[in-house]
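Dear colleague,

Please find the structure below, followed by notes on what turned up in it.

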Amino acid sequence: MDSYVIAAWLGGLLLGWFIVLHFIILGRGAGSSTGYACLVKKASNNLGKYGVLDPLKFFFILGLPLGGLIHALVVQQHFSWSFDMGMYETVLPDSDALKIAVLVLGGAFLGFGSRMAGGCTTGHVLAGGSVLNKASLVAGVIFFVSALVTVQLLFLGTG
Amino acid sequence: MGNETSKMESVSQVQLEEVKPDNKVALNLASTVLGTIFGFLLVSIGATNFDLQAQMFLFQDFQLPIVLGMAVLTGITGMWMLSRMQAKTIIDQDEMSYFPAPFSRRLVVGALIFGIGWGLTASCPGTAMAMVGEGKMSGLAVAFGILAGTFVFGLFNQWQHSR
């Protein structure tokens, strides 16, 4: 484990407080996938009839890479581009082109699935879970089980 | 009406009024700052770490499941406290803007598809963007895929509507 990773209990507390803080400040739950949908809706002239999307979510996902960059510079004190994916290197194709293809396909599943389910891990699990939204809790469990089966199959035979 | 109540109500009053154009910039900025904090937190807890993602689903490491569990419990406690303070408008507003669509078959199918993407990429829509900031190039490919998948869903959605 990388040394910058904070203790799980502390991380959980901070993340939980963040979700509540987001509710207090903006009066709504945090969410990530909707930000992508804002962009696609605008670029495609709402071809896909996405319905009402919270425009603030677009600005939210703009902040995400900024937070990652600040962490890299301030805490890890190191920034460089890398395509190394750790344990995933043993199961993803060696060729960069094929690896990119798998990642784009996986990303497409994330995009399609989150729009269809009405949210992603941020919106359903963290924010939806915090307000005990039943549909969110169901979505969260299915997210987890489906990813679990996928990873188990992916790493089958790698020991 | 207690002190907290009136304080909370005035907070949410401000939020409702803040849809005015002159406050739009402030709201956009607040959302960007919150996104920055969230991105920083996602990296801090190890959610952008490929090995921790894999090990969570292989039952080899419990960092991320503990974080998620603790976060939801903390969130539940915090939101419960907000409702105890009768901060009704904040939570009501959440119910309006947060889940227009209740439980449906679409949610189940969508969640299944989402999980496959999570397992394949070790990323979520939130972590993919945080990874980009960290210099993890896989995040770029995943983020591009998310945009493509969102677009394809739009086509599917439109096709279903027009049937």
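A cavity here is a set of points, on a 1 Å grid over the protein atoms alone, where a 1.4 Å probe fits but cannot get out, and lining residues have an atom within 4 Å of a point; a volume is the space filled by probe spheres set on the points, which are joined across faces, edges and corners. This is a predicted model, in which local features need pLDDT of at least 70 and side-chain atom pairs count only at pLDDT 80 or more, while totals for chains, interfaces and linings use all residues. Residues are numbered from 1 along each chain as its sequence is written, chains are lettered from A in the order in which they are written, and side-chain values use heavy atoms, with hydrogens and water left out.

The search of the whole structure finds one cavity of 30 Å³ or more, and the largest cavity holds about 180 Å³ of space. It is lined by 16 residues, and those closest to its centre are Thr121(A), Leu42(B), Ala47(B), Leu68(B) and Thr127(B).

As for the interface, 102 residues of chain B are in contact (heavy atoms within 4.5 Å) with 109 residues of chain A. The two chains bury about 9700 Å² between them, 77% of it on carbon and sulfur atoms, where buried area is the accessible area (1.4 Å probe) lost on being put together, summed over both parts. In chain B, Leu34(B), Phe38(B) and Leu120(B) lose the most area to chain A, together 7% of what that side buries. Between chain B and chain A there are zero salt bridges, that is, pairs of a Lys or Arg side-chain nitrogen within 4 Å of an Asp or Glu carboxyl oxygen.

Best wishes

Methods:
1 Å grid on protein atoms, 1.4 Å probe; cavity = no way out; pocket = protein on both sides within 12 Å on 5 of 7 lines; lining within 4 Å.
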